[in-house]
Amino acid sequence: MPTDLPNERSIRPAGSMELDPTSEGVAIDETRRLIASNKVEGTSAYGRDGEHIGTVYNFMVDKVSGQVAYAVLSFGGFLGLGESYHPVPWRALTYSVDLGGYIVDIDRDTLAGAPTHGPGEDPFADPAFGERVDGHYGGRKAPTA
């Protein structure tokens, strides 16, 4: 699904902390290719059929690679009651310009059977939870240093 984003270009030497010399400064909100985390949180999530299924609650960033590993999607509930949270691999989400949200490329049965947690819980404090999530979705690439 096209995202209408420009092709990437090299703007600095690999591994350099040098900023883009053609820009006006550091982006803190949104650019054509980048978006701030607070703008992703709360974005709608849709099933393959385009039906609204939830919202992006937050996302989990791998501390070693710096890559987003999971989006935690919020489903159901009313005024915070009855909500459940499902971590899904970031690679399973595709942004749709037309819908203004993310399409989740996971069938409903797989999503329904995924490990979940409730409001106020911190399941990733238990390493076994992350392993269950990885196992449910078939694992993910190990981070590289």
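Guide: Helices (H or I, at least four residues) and strands (E, at least two) are DSSP runs, numbered from the N terminus, and two strands pair if DSSP finds at least two bridges between them. This is a predicted model, in which local features need pLDDT of at least 70 and side-chain atom pairs count only at pLDDT 80 or more, while totals for chains, interfaces and linings use all residues. Residues are numbered from 1 along each chain as its sequence is written, and side-chain values use heavy atoms, with hydrogens and water left out.

Visitor: Which residue of strand 2 is the bridge partner of Tyr 46?

Guide: Strand 1 (residues 44-46) and strand 2 (residues 52-61) run antiparallel and are joined by three bridges. Within strand 2, the residue that partners Tyr 46 is His 52.

Visitor: Which strands stand at the edges of the sheet?

Guide: The open sheet has six strands with mixed pairing, in the order 4-3-2-1-6-5. Each edge strand has a single partner strand, so one side of it is left without a neighbour in the sheet; these are strand 4 (84-89) and strand 5 (93-96).

Visitor: How many residues apart in sequence are the parts that the pair Arg 48 and Asp 105 ties together?

Guide: The side chains of Arg 48 and Asp 105 meet in a salt bridge (2.8 Å, N to O), a term for a side-chain nitrogen of Lys or Arg within 4 Å of a carboxyl oxygen of Asp or Glu. Arg 48 lies in the loop between strand 1 and strand 2, and Asp 105 in the loop between strand 6 (101-104) and helix 2 (108-112), so the parts tied together are apart in sequence by 57 residues.
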